[in-house]
Amino acid sequence: MKRPTTQSHLLSDDAMMQYVEQIITKMEANEALFPDPVPALGVVETALAAFRLSATEAAYRDTRAVKIRKAKRKALVYQLRELSKYVDTVAQKDDTIILAAGFVPSKDPESYAGFIPKATRLIAKTQEVGSSRIKLKVDRWQGARMYQFEFRKKGAETAWSVQLCSKSTCLLEELDRFEEYEFRVTYIGINPKPNYSDIVSSYVV
């Protein structure tokens with residue numbers, strides 16, 4: 001069943017602005033299909049303009065400006081999500097109508113039934129000194145039901161310890177301080193066979 005997606009977790013600020021502009025342009029061009037959008041396109045345009053201005057002001061990494069940019073992006077994503085509900089009601093799972101509105105249709109669940117992709121860009125980041133914690137982050141995959149993070153002391157021939165997380169980030173706690181660990185991750189999808197990321201290493205402090 002196809003649904004319009006906001007793509008908000010995948011797009012950079014610039015790409016998000018382009019995506020929203022595309023939606024506004026296509027929905028205006030296909031007014032006969034979308035006569036009474038909720039929220040009105042003018043409301044979405046106002047949120048887009050506010051976000052664009054905040055992104056410009058945050059370009060110099062001023063802390064307050066960055067926080068404002070994040071808030072304006074969140075407000076824009078909210079309006080986009082509400083608009084996607086309207087398009088979903090009109091489209092009735094018809095991906096051609098979803099595309100006519102400028103939205104990207106969701107993928108069918110069965111499209112994730114094949115061999116899962118290799119997990120990419122795993123990062124291990126040490127936390128504050130004395131915490132004995134490591135934060136892991138990997139690229140998201142829409143077909144992932146869970147993320148299986150694994151770790152062990154570097155050079156050890158022991159089995160990997162496993163931590164399942166519902167999100168693409170995971171905080172490992174109570175690790176041994178001043179020890180170097182290695183980490184890997186795999187997506188867990190419809191196909192249960194793992195496809196591990198490259199191994200990364202980090203010291204625990």
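Biologist: Where is Arg184 placed?

Modeller: Arg184 is in strand S8, residues 180-188. Strands here are DSSP runs of E with at least two residues, helices are runs of H or I with at least four, and both are numbered from the N terminus. One caution on the source: this is a predicted model, so local features need pLDDT of at least 70 and side-chain atom pairs count only at pLDDT 80 or more, while totals for chains, interfaces and linings use all residues. Residues are numbered from 1 along each chain as its sequence is written, and side-chain values use heavy atoms, with hydrogens and water left out.

Biologist: Is Arg184 buried or exposed?

Modeller: Arg184 counts as buried because its relative accessibility is 17%. Buried means under 20% relative accessible area, exposed means over 50%, and partly exposed is in between (1.4 Å probe, protein chains only).

Biologist: And what does Arg184 touch?

Modeller: Leaving out residues up to four places away in sequence, Arg184 touches Leu122, Gln148, Phe149, Glu150, Trp160, Tyr196, Ser197 and Ile199. A contact means heavy atoms within 4.5 Å.

Biologist: Which strands form the open sheet with S8?

Modeller: The order is S6-S5-S8-S9, 4 strands with antiparallel pairing. Two strands pair if DSSP finds at least two bridges between them. S6 (161-165) and S9 (200-203) stand at the edges with a single partner strand each, so one side of each has no neighbour in the sheet. On average, neighbouring strands of this sheet are turned by 30° against each other, direction ignored.

Biologist: How many bridges join S5 to S6?

Modeller: There are 5 bridges between S5 (residues 146-153) and S6, which run antiparallel. Within that pairing, Tyr147 stands opposite Cys165 in S6.

Biologist: Switching topic: which residues are on the covered face of S4?

Modeller: Ile134 and Leu136 are on the covered face of S4 (residues 134-137), while Lys135 and Lys137 are on the uncovered one. As a rule, side chains in a regular strand alternate between the two faces of the sheet.

Biologist: What does S4 pair with?

Modeller: S4 pairs with S3 (residues 123-126) in the antiparallel sense over 4 bridges, and also with S7 (residues 169-172), again antiparallel over 4 bridges. Lys137 is the bridge partner of Ile123, and Lys137 also stands opposite Thr169 in S7.

Biologist: Now the helices. Which residues have the most contacts inside the largest nonpolar core?

Modeller: Those are Val20, Met27, Phe34, Leu76, Leu83 and Phe103, in a core of 26 residues. A nonpolar core is a set of buried Ala, Val, Leu, Ile, Met, Phe, Trp, Tyr and Cys residues joined through side-chain atoms within 4.5 Å. The elements giving two or more residues to this core are H1 (13-29), H2 (41-57), H3 (63-91) and H4 (95-100). Another core, of 20 residues, lies apart from it and includes Ile134, Trp141, Ala144 and Phe151.

Biologist: What does Leu76 touch?

Modeller: Beyond residues up to four places away in sequence, Leu76 touches Met16, Val20, Val44, Ala47, Leu48 and Phe51.

Methods
Axes fitted to C-alpha atoms, helices over the stretch in contact; angles between N-to-C directions.
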